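Hi,

Here is the structure I promised to pass along.

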Amino acid sequence: MKKREGAPVIGIWALEIMVKVLFFAALRETLKCAELNVSISGTMSIDDFKKLVSDQLPDSGEMFARQDTLCSVNQNILSVNSAPPIKDGDEVAFFPPVTGG
């Protein structure tokens with residue numbers, strides 16, 4: 001257990017809150033990253049989480065700026081109006097736009 005500033009404190013140690021981030025298809029190839037573990041303090045909105053991830057991956061800014069990049073939290077695709085806060089143990093995945101016929 002690591003001590004982390006701003007995280008909830010139990011006894012003398014603060015808990016490190018981890019979120020697993022997955023990248024698929026062209027996003028994985030562009031970023032040269034399939035998976036990333038991100039430490040957060042408390043919960044945060046998906047927009048704040050995207051900013052945090054983009055700060056850690058220099059080539060990801062354009063990906064998060066695109067409106068058609070898909071995002072899921074715990075294997076549930078998010079819609080614009082239904083984005084739960086990101087919390088400890090969540091799995092967040094990003095996908096390029098999907099088309100089909």
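The side chains of D68 and R66 meet in a salt bridge, at 2.6 Å from N to O. By salt bridge I mean a side-chain nitrogen of Lys or Arg within 4 Å of a carboxyl oxygen of Asp or Glu. D68 is partly exposed at 32% relative accessibility, and R66 is partly exposed too, at 41%. For these labels, buried is under 20% relative accessible area, exposed is over 50%, and partly exposed lies in between, with a 1.4 Å probe and protein chains only.

Before I go on, some housekeeping: this is a predicted model, where local features need pLDDT of at least 70 and side-chain atom pairs count only at pLDDT 80 or more, while totals for chains, interfaces and linings use all residues. Residues are numbered from 1 along each chain as its sequence is written, and side-chain values use heavy atoms, with hydrogens and water left out.

How many salt bridges does the structure hold? There are 3. Another of them links K51 and D55, at 2.8 Å from N to O. These two residues sit 4 apart in helix α2 (residues 46-56), so about one helical turn separates them. D55 is exposed, with a relative accessible area of 51%. Helices (H or I, at least four residues) and strands (E, at least two) are DSSP runs, numbered from the N terminus.

D90 and K87 also meet through their side chains, at 3.2 Å from N to O.

**Strands around β7**

Strand β7 (residues 91-95) pairs with β3 in the parallel sense, over 4 bridges. Pairing here needs at least two DSSP bridges between the two strands. On this side, K20 stands opposite E91 in β7. Strand β5 (residues 70-73) is joined to β7 by 4 bridges as well, and those two run antiparallel. There, C71 faces F94 of β7.

C71 is buried, at 7% relative accessible area, and C33 is buried as well, at 12%. How many disulfides are there? The count is 0, with a disulfide taken as a pair of cysteine sulfur atoms within 2.5 Å.

E16 is partly exposed, at 31%. Its C-alpha atom is 9.3 Å from that of G42, a residue 26 places away along the chain.

**The nonpolar core**

Which residues touch the most other members of the largest nonpolar core? They are F23, F49, V53 and V92, out of 22 residues in that core. β3, α1 (25-31), β4 (35-40), α2, α3 (61-65), β5 and β7 each supply at least two of its residues, and β3 gives the most, with 4. A nonpolar core is a set of buried Ala, Val, Leu, Ile, Met, Phe, Trp, Tyr and Cys residues joined through side-chain atoms within 4.5 Å. In soluble globular proteins, nonpolar side chains tend to be buried together.

Leaving aside neighbours within four places in sequence, V92 is in contact (heavy atoms within 4.5 Å) with V19, K20, V21, L22, I46, F49, C71, S72, V73 and I86.

Cheers
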